[in-house]
Amino acid sequence: MARNLWSRDEMILALNLYLKMPFGKMHKTNPEVIRVAKLIGRTPDAVAYRLVNYASCDPMLKQRGVSGMQHGGPKCQQYWDEFSHDREKLIYESEAILARYEQSTIEEKYQQQLQDIPDYLVGAEKLRLIKQRVNQNVFRSLVMANFAGKCALTGIDIPELLVASHIIPWAMNEKERLNPSNGICLSALYDKAFDKGIIAFDENNRTIFSSRLEKAITQEYYVKYFLPIKGKELAVPGKYNIDKTFLEWHRDCIFEKE
């Protein structure tokens with residue numbers, strides 16, 4: 001009987017997988033479900049069932065009228081509430097647990113993202129930067145999965161050309177840093193234009209231009225790269241809707257109206 005009880009590590013790994021996975025792919029034949037099941041010594045059926053339990057806790061899905069299986073929900077709710085209270089802490093912990101089950105470490109797993117951390121950084125300051133880099137990478141995974149690995153404006157699907165754009169910048173709202181509803185998958189050009197307030201999105205998720213960009217209407221780059229997206233609506237995300245209050249904040253605080 002004791003073996004049937006899910007440990008904290010197993011529950012957190014299932015939550016980690018849930019956050020990264022589109023709702024429609026939470027089934028026992030999904031390769032990622034099979035991989036995690038093998039890591040923790042569970043069946044793919046059991047892992048898939050746990051993912052659907054987490055869906056019943058997800059308020060973003062509830063807003064869309066999607067519900068998961070309620071049975072087993074209370075146990076999942078405990079971890080969901082812990083995640084909601086401090087996303088940064090639990091996401092980092094989940095990645096550390098995942099690395100350990102993969103017989104690795106955070107430093108090895110995220111070697112590429114951490115390689116430029118100065119050698120002179122040690123202790124708490126180094127750990128803070130490692131956590132930030134790891135969580136930023138997870139945020140990218142969440143946003144990429146939410147938009148099926150494609151730019152929400154152009155459909156470009158080359159990962160190296162895509163950015164998980166924060167609507168409210170990372171440094172300006174600690175609470176919403178890792179909220180997938182605060183992210184849009186954009187190709188590098190449009191990410192930079194959005195970040196600098198040169199473009200924005202209206203209440204219907206349609207692209208609007210700053211007056212500075214509109215003044216470039218006769219320029220070749222405007223015709224080639226911006227005219228095709230003028231008024232274009234963002235692709236519909238698969239799991240987490242873009243928070244319209246975040247887009248409104250961007251229009252008020254970042255977008256160049258004049």
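This is a predicted model: local features need pLDDT of at least 70, side-chain atom pairs count only at pLDDT 80 or more; totals for chains, interfaces and linings use all residues.
**Notebook: a look through the chain**

I started with the secondary structure and got 13 helices and 4 strands in the chain. Next I checked the radius of gyration: it is 20 Å, close to the 18 Å from the globule rule for 258 residues, so the chain is as compact as a globular protein of that length.

**Overall dimensions and surface**

I took the spans of the C-alpha trace along its principal axes and found about 70 × 50 × 30 Å. Then I looked up burial, and 46% of the 258 residues count as buried.

**Cysteines**

How many disulfides are there? I count 0 by the distance rule, which asks for a pair of cysteine sulfur atoms within 2.5 Å.

I went through two of the cysteines to see why. For C76, the closest cysteine sulfur is in C57, and at 5.3 Å it is too far for a bond. C76 itself is buried, with a relative accessible area of 0%. For C185, the closest cysteine sulfur is the one in C151, 6.4 Å away, so again too far for a bond. C185 also has 0% relative accessibility and goes down as buried.

I followed up on I156, which lies in the loop between α9 (123-146) and β1 (162-166). Its relative accessible area is 31%, so I have it as partly exposed. The cut-off for patch residues is over 30% relative accessible area, and I156 with its 31% therefore passes that cut-off.

**S210**

Last stop was S210, and I asked myself: is S210 buried or exposed? S210 turned out to be buried, at 0% relative accessible area. I placed it in the loop between β4 (207-209) and α11 (211-214).

Which residues is S210 in contact with, leaving aside its neighbours within four places in sequence? I listed G197, I198, F255 and E256. So my entry for S210 reads: a loop residue, buried at 0%, with contacts to G197 and I198 as well as to F255 and E256.

How values were computed
Residues are numbered from 1 along each chain as its sequence is written. Side-chain values use heavy atoms; hydrogens and water are left out. Helices (H or I, at least four residues) and strands (E, at least two) are DSSP runs, numbered from the N terminus. Buried means under 20% relative accessible area, exposed over 50%, partly exposed in between (1.4 Å probe, protein chains only). The radius of gyration is taken over C-alpha atoms; the globule rule is 2.2 Å times the number of residues to the power 0.38. Contact means heavy atoms within 4.5 Å.
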